[in-house]
Amino acid sequence: MHVSRVVVPVLLAAGITFGQCQSKEDAKPAPPVAPKSFDESAIDKSADPCTDFYQYACGNWVKNNPIPNDQVRWGTFSILAERNRYLLWEELDAAAKDPKTPLQKKYGDYYSACMNTDLIDKKGTEPIKPALDEIAGLQDTKRLASLVGELAQKGDPAPLFRFGVQQDEKDSSRQIASLFQAGLSLPDRDFYLVDNKRYTTIRQQYHEHLTKMFTLAGDTPEQAAKEAEAVMTIETALAKVSTPRVELRDPAKRYHIYTVADLRKLTPDFDYSVFFKDVNVRPFDTLNVGTPDFFRGLNELIASQPVDAWKSYMRWHVIHGSAGDLPKAFRDEDFAFFDKTLSGQAEPTPRWKECTADTDRALGEAVGQDWVKAHFPPKSKASMDQLVAALDKALGDDIKTLPWMSDETKKAAEAKLALYRNKIGYPEKWRDYSSLSVNRDDALGNGHRSAVFQRNYNLNKLGKPVDEKEWGMTPPTVNAYYSPSNNDINFPAGILQPPFFDPDIDPAVNFGGIGVVIGHEMTHGFDDQGSKYDGKGNLREWQTADDRKKFEERTDCEVKEYGGFETAPAHDGIPAQNLNGKLTLGENTADNGGLRIAYMALLDTLASEHKTMDEKIGGYTEAQRFFIGFAQVWCSNQTEQSARQLALIDPHSPGKWRTNGSVQNFDEFSKAFGCHKGQPMYPENSCRVW
């Protein structure tokens, strides 16, 4: 949900679909309230902005906006996402009832099948029987590669690893095959390996969940418990050989070119050539094995675990991966563990929301064409072009004046910035979905066919020129991203609305909202990961050795600073949860840099209009409106379970620390609100990279 970046290649894994319902499981949605740009009612004027700026800017919002029962986080970001989802639902619902074009019929039928939970319940487990029968026929672990390939070929959930095509990290003009670790059901390896009260309890609850799901699938209680134990054993072993996600932040640690022959030597007990043949990828001689230790460990596990254990593991992933399109008992149990227990969600997500999101994932550029026509006016795109140009200039000026960077490295940084490509709103060319077959009465089958379509679309890139105009997000998405291999910044139409962007509001608020987002994505090209890629998207060092050392000293400052921020308190024997400063380093660097260069761009814009930061609108100076506008896009509430989980897996800091962490590192904030040195938002020592 947060502004993010692409940090690992897009690799293929079988997708999940959700089901459908015309019953009390779903109710007709009510139109959501549109989010505001600069919400004065959200401000807690009893709070001191110099002590806790987030509380000042968002305190009343936090107090007056409890988390809805179908959410685990709720913020101004969420309100916009809910509004976009509702507008998308209107489009899908109309297409399901009365399509006007062949494309509308296709995505209308996809949505309708997902919504038909009465039919899903009637079919029972029959849709997954072919996959379960294939698994039951496994007699030898040497045949495991063939089984995984056959499941993947049909679009069934095929666990263990992700396979796909990515840009070559060291030659971004090439597209190469890639293997990457996978195979876990819990959110992170720590859930299997850390020995404390919280994780021990979750593992016990997971075992109970596995047992219940196997029982629903037809096992006796005794069989189900045995199968659950086998799944726990295999997934725990996979967790042990999985590379921690913090290590994967280093591009060099996820780039290992192997020949196919060397891959056979690495994994003699799993014949990947069989898998490659089953998924119909064209022949290749070399590939990136992103996590070699994982595949080495997987090979040892295949040799050591009995075939029945692997059958249980594979059965589980078919059941789990299909749960949304199985009868209500499966859907309810899946929610009870993965949403309620792990994340603290009180009630299931309404079916219309799930099916809207699922259709967007499957047919996003089909649905997006009509969505953009209705909800993204040309003036919004024109205004964004101007904002991006202003931020581009500001980042260039920032590079020129950096106190720690040598002239040689500055020239290289300026050269990289000059090669940035900007993509705003939606693709220039829409994806062709004509080869994707959709059946109005087959929710699970639609999901399988969509998985095959997405896989084939990706695999067809192998050996072909890179399409620099391709998008990685659908138009209604409330998000943005920077791609290091493409050296481009991408802003879907979905985020170009209040509270981030309003073409009719004063510049200070827009620069505090979408301006910081633009700056954030631009800064990603120069964070701890992006700075290792050159302007052509190739993994190559372009900083001098001395400048790299200075850069790392400054990023270490941020690692320590954000690592001291608490996101969940200690209680009942469960330790406090702090942020991981290394995991969140790239996003924190981008937040800090984005805030600074957006402020610089606002200064230039106001100067061109013969205005200053001290002029007031509604009692607030332009500078204050900028910082409040920035903070208010991050106003939010969150369940403790979600906060703890995201601290392990999310490279973004939560809203409070995205706000306070950034402003306490920027002296212009203290000037805007009259803070004194030594106050929390104006510390004696602060961090600055860009």
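Modeller: In this predicted model, F161 and F270 are both buried. Their ring centres lie 5.7 Å apart with the planes at 90°, and since planes over 60 degrees apart count as edge-to-face, the pair is edge-to-face. This pair joins distant parts of the chain: F161 belongs to strand β2, whereas F270 sits in the loop between α10 (260–266) and α11, and 109 residues separate them. A further edge-to-face pair is formed by F275 and F276, whose ring centres are 6.1 Å apart and whose planes meet at 70°. F275 and F276 are buried as well.

Eight of the eleven residues of α6 (residues 144–154) are buried, so the helix is largely enclosed by the rest of the structure. Those buried residues are L144, A145, S146, L147, V148, G149, L151 and A152. Their cover includes β2 (161–168) and α11 (272–278), together with α5 (129–136), α12 (292–304), α13 (307–321) and α18 (443–459). After α6 comes G155, which has a positive phi near 90°.

As for nonpolar cores, the largest has 104 residues, and F53, M384, F491, I514, F626, F627 and F673 have the most contacts inside it. Apart from that core lies another of 71 residues, and L151 and F295 are among its members, as are L132 and M314.

Definitions and conventions. Residues numbered from 1 in each chain as written. Predicted model: local features only at pLDDT ≥ 70, side-chain atom pairs only at ≥ 80, totals over all residues. Heavy atoms only, no water. Buried < 20%, exposed > 50% of the residue type's maximum accessible area, 1.4 Å probe, protein only. Helix = DSSP H or I, 4+ residues; strand = E, 2+ residues; numbered from the N terminus. Contact = heavy atoms within 4.5 Å. Core = buried A, V, L, I, M, F, W, Y, C linked by side-chain atoms within 4.5 Å. Phe/Tyr/Trp six-rings, centres within 6.5 Å; stacked < 30°, edge-to-face > 60°.
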